[in-house]
Amino acid sequence: MKILYFAKLRQHLGKSSDSIKISDGKKISDVINELKNKNGNYRRAFDQVKNLQYALNCEYVDIEQTVRDRDELAIFPPVTGG
Amino acid sequence: MKIYFQKESFLVQENFEKFSKVNKASGSIISFVGKVRPITNNKEVIDIEIEIYKKMAIIQMKKIISMLMKKYKILDYLIIHRFGKVKPQENILLVIVASQHRKEGFRFIEDLVDWLKIKITFWKKENYLNDYEWVEQKITDRKIFLTKN
């Protein structure tokens with residue numbers, strides 16, 4: 001699955017995307033826990049950036065949403081355009 | 001009915017005149033321009049960097065417009081939002097709307113910008129002389145979301 005990071009989260013992680021293999025039926029919260037278990041950098045970044053939002057294939061979703069391996073998941077802090 | 005997310009700056013007058021010519025039959029044309037403030041939090045802003053998730057921004061913007069077009073009688077609109085580096089006093093956002101009567105146009109713009117601030121995937125980073133700050137979403141903007149939802 002493709003995971004995109006934006007803004008403050010992207011900066012803390014030092015990268016804008018990841019590609020990981022996941023089994024269908026997992027929740028976004030499971031995916032994030034897997035990422036946090038990768039190393040201290042992920043853990044720190046996800047702990048430091050507050051109020052993260054999630055989008056699956058460009059639609060806002062809840063952290064408990066289930067995902068499929070072919071989905072595009074985006075994780076980012078609240079938007080600030082305009 | 002056009003939406004542009006672009007790095008390049010834009011000229012308000014030129015866009016307004018072109019839009020007015022196309023919409024000769026409308027009774028009202030209103031424009032809104034969002035700009036970079038030179039000072040925020042008592043700090044001088046050197047420039048701001050606007051990040052975009054373009055694919056999602058386009059999808060979400062179309063959804064918002066489709067919702068607002070059902071709510072207000074709008075004849076035409078033009079929306080330009082910049083990303084990349086933008087300097088103080090430069091333009092970030094342009095919304096021009098044509099309608100038969102002014103109230104529809106004013107309300108359309110107000111709602112559109114309110115939704116944009118909480119749904120459209122742009123993020124601003126303000127660069128000051130010696131440091132920087134990621135702009136945080138305002139509580140007042142989130143409240144608007146709750147009342148409009």
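# Briefing on a predicted two-chain model

Ile80(B) has Leu94(B) as its bridge partner in β7(B). That pair is a way into this structure, which is a predicted model. The model scores ipTM 0.96 and pTM 0.94. For chain B, the mean pLDDT is 95. In that chain, 97% of residues reach 70 or more.

- Strand β7 of chain B spans residues 91-99.
- This strand is mostly covered, with 7 of its 9 residues buried.
- Strand β5 of chain B, residues 74-82, is joined to β7(B) by 7 bridges. The two strands run antiparallel.
- Tyr77(B) is bridged to Val97(B) in β7(B).
- Strand β2 of chain B, residues 28-35, is joined to β7(B) by 8 bridges. This pairing is antiparallel too.
- Phe32(B) has Val95(B) as its bridge partner in β7(B).

**The sheet in chain B**

- These strands belong to an open sheet of 4 strands. Its order is β1-β5-β7-β2 (chain B), and the pairing is mixed.
- The edge strands are β1 (2-6) and β2 of chain B, and each pairs on one side only.
- On average, neighbouring strands of this sheet are turned by 5° against each other, direction ignored.

**The sheet in chain A**

- Chain A has an open sheet of 5 strands with mixed pairing. The strand order is β2-β1-β7-β4-β5.
- Strands β2 and β5 of chain A lie at the edges, each pairing on one side only.
- Strand β1 of chain A, residues 2-5, runs antiparallel to β2(A), and 3 bridges join them.
- Ile3(A) has Asp18(A) as its bridge partner in β2(A).

**Two packed helices in chain A**

- Helix α2 of chain A covers residues 28-38, and helix α3 of chain A covers residues 40-48.
- They pack at an angle of about 130°, with their axes 5 Å apart.
- That angle makes α2(A) oblique to α3(A).
- From α2(A), the residues that meet α3(A) are Ile32(A), Leu35(A), Lys36(A) and Lys38(A).
- Their counterparts in α3(A) are Tyr42(A), Arg43(A) and Phe46(A).

**Where the chains meet**

- Between the chains, 22 residues of chain B are in contact with 14 residues of chain A.
- On the side of chain B that touches chain A, α2 (54-71), α3 (102-119) and β8 (122-128) of chain B each supply at least two residues.
- Helix α3(B) gives the most to that side, with 5 residues.

**The nonpolar core**

- The largest nonpolar core has 48 residues.
- Those with the most contacts inside this core are Phe6(A), Leu9(A), Leu73(A), Ala74(A), Ile75(A) and Val97(B).
- Val97(B) is also the bridge partner of Tyr77(B).
- Ala74(A) touches Leu4(A), Phe6(A) and Ala55(A), as well as Tyr53(B) and Met56(B). Residues up to four places away in sequence are not counted.
- In soluble globular proteins, nonpolar side chains tend to be buried together.

- Ala7(A) is not a glycine, yet has a positive phi of about 55°.
- Ala7(A) sits in helix α1 of chain A.
- Ala7(A) is buried because 23 other C-beta atoms lie within 10 Å, and 20 or more is the cut-off.
- Asn57(A) is not a glycine either, and its positive phi is about 50°.
- Asn57(A) is found in the loop between β4 (53-56) and β5 (59-61) of chain A.
- With 15 other C-beta atoms within 10 Å, Asn57(A) is partly exposed.

**Ser16 of chain A**

- Ser16(A) is placed in the loop between α1 (7-13) and β2 (17-19) of chain A.
- Ser16(A) counts as partly exposed, because it has 13 C-beta neighbours inside 10 Å.
- Leaving aside neighbours within four places in sequence, Ser16(A) is in contact with Leu4(A), Tyr5(A) and Arg10(A).
- Ser16(A) and Ile32(A) are 16 residues apart in sequence. In space they are 15 Å apart, C-alpha to C-alpha.

Conventions
Residues are numbered from 1 along each chain as its sequence is written. Chains are lettered from A and ligands numbered from 1 in the order in which they are written. This is a predicted model: local features need pLDDT of at least 70, side-chain atom pairs count only at pLDDT 80 or more; totals for chains, interfaces and linings use all residues. A residue is buried if 20 or more other C-beta atoms lie within 10 Å of its own, exposed if 12 or fewer, and partly exposed in between; C-beta atoms are placed from the backbone. Two strands pair if DSSP finds at least two bridges between them. pLDDT is the predictor's confidence in each residue, from 0 to 100. Axes are lines fitted to C-alpha atoms, for helices over the stretch in contact, and angles run from 0 to 180 degrees between N-to-C directions. A nonpolar core is a set of buried Ala, Val, Leu, Ile, Met, Phe, Trp, Tyr and Cys residues joined through C-beta atoms within 7 Å. Two residues are in contact if their C-beta atoms, placed from the backbone, lie within 7 Å. Angles under 35 degrees count as roughly parallel, over 145 as roughly antiparallel, 65 to 115 as roughly perpendicular and the rest as oblique.
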